[in-house]
Amino acid sequence: MKKIEHIFFDLDRTLWDFERNSKSALVQLFHELKLDNIIESFESFHEVYRKINAEYWEDYAKGSVSKEKLRIGRFHDTLVSFGRDDLQLSTAMAEGYVKISPYQTHLFPGTKEVLQELSDKNYQLHIITNGFKEVQFIKLENSGLRRFFKDVLCSEEVGKNKPNPEIFHAALQRTKAKNTNSLMIGDDFEADILGAERVGIRAILFDPHDVYEARKEIERIKHFEELPFLLNKTMW
Ligand SMILES: [Mg+2]
């Protein structure tokens, strides 16, 4: 086995706490656009939105909806479910959300400390994300993460989303890394773990909520602080 030299991180829900950040952006949007005139509470709005948004992302991953359709459709469908068919307001929400959310800065505990430790140990750190380029760079800059990463690869640059092997091959090529001296870490079992393993990259699942606790065969961490210890262990 070769020593790990390159570590590829997923961004959303792995380093950047997507749920917390998304919620704080939506709270702001809900008040700015005075949605309480239409919907009784933020909580009821949020519950419906989350479900619809997740469905849109599934369809986007399959390639059955476009980026534009996802951005507006998730708000339009949410408003429709509250009896308001308003494309203009949906568009305003979509634009507001995309503007506000990347500026939120909640990270998972220990993120910066561990990235610093890994940088100090001379690991080359990179990002592979299925997010949109203009959005992901704002997140990285504003949350103080950009400086840790040599390369940031967004799927739209390749035209394929994780777990498609093409995005992993592109990442290896751009960073001059080899699958045998690389490691992928992410929260999505299908996209990050199976995707990386399929091209021969060792993968560690970030599983803060213990969703995969029963699956003992999966190399898994719950807190970032566990990562440096795992890297010292010879796994295969
Ligand atoms: Mg993720």
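Start with helix α2 (residues 42–62) and helix α3 (residues 67–81) in this predicted model. Their axes come within 9 Å and cross at roughly 140 degrees. The crossing of α2 past α3 is right-handed. To see the contact, show side chains for F45, V48, Y49, I52, N53, Y56 and Y60 on α2, then L70, G73, R74, D77, T78 and S81 on α3. Coloured by class, this contact of α2 with α3 comes out as 7 nonpolar, 4 polar and 2 charged residues.

Next, colour by domain. The domain assignment gives domain 2 as 18–103, while domain 1 is made of two segments, 6–17 and 107–232. Where the domains touch, 10 residues of domain 1 are in contact with 9 residues of domain 2. On the domain 1 side of that contact, 4 residues are nonpolar, 2 polar and 4 charged.

Now select the sheet. Its 6 strands run in the order β3-β2-β1-β4-β5-β6, forming an open sheet with parallel pairing. The edges are β3 (151–154) and β6 (220–221), each of which pairs on one side only.

Zoom in on β1 (residues 6–9). Which residues of this strand point one way, and which the other? H6 and F8 share one direction, I7 and F9 take the other, and all are buried. In general, side chains of a regular strand alternate between the two faces of the sheet.

From β1, step to each partner in turn:

- β2 (residues 124–129) pairs with β1 in the parallel sense, over 4 bridges. Select Q124 in β2 to find the residue opposite H6.
- β4 (residues 182–186) also pairs with β1 in the parallel sense, over 4 bridges. Here F9 has I185 of β4 as its bridge partner.

Move along to β5 (residues 202–206), which pairs with β6 in the parallel sense over 2 bridges. Then bring in helix α9 (residues 189–198), which lies across β4 and β5. The angle between α9 and β5 is about 165 degrees.

Most residues other than glycine have a negative phi, and most peptide bonds are trans.

Select K162 and P163 and look at the peptide bond between them. Is this bond cis or trans? The bond from K162 to P163 is cis, with omega near 15 degrees. P163 sits in the loop between α7 (155–158) and α8 (165–175).

Go to N122, in the loop between α5 (111–120) and β2. Its phi is near 70 degrees, a positive value in a residue other than glycine. Why does N122 count as exposed? N122 has 7 C-beta neighbours inside 10 Å, and the cut-off for exposed is 12 or fewer.

Finish at K176, in the loop that joins α8 to β4. K176 is not a glycine, yet its phi is positive, at about 55 degrees. K176 counts as exposed because it has 9 C-beta neighbours inside 10 Å.

Note on methods
Residues numbered from 1 in each chain as written. Predicted model: local features only at pLDDT ≥ 70, side-chain atom pairs only at ≥ 80, totals over all residues. Domains from an automatic or database assignment. Contact = placed C-beta atoms within 7 Å. Nonpolar A, V, L, I, M, F, W, Y, C, P; charged D, E, K, R; others polar. Buried ≥ 20, exposed ≤ 12 C-beta atoms within 10 Å, placed from the backbone. Pairing = 2+ DSSP bridges. Axes fitted to C-alpha atoms, helices over the stretch in contact; angles between N-to-C directions. Left-handed = near helix turned anticlockwise from the far one by under 90°.
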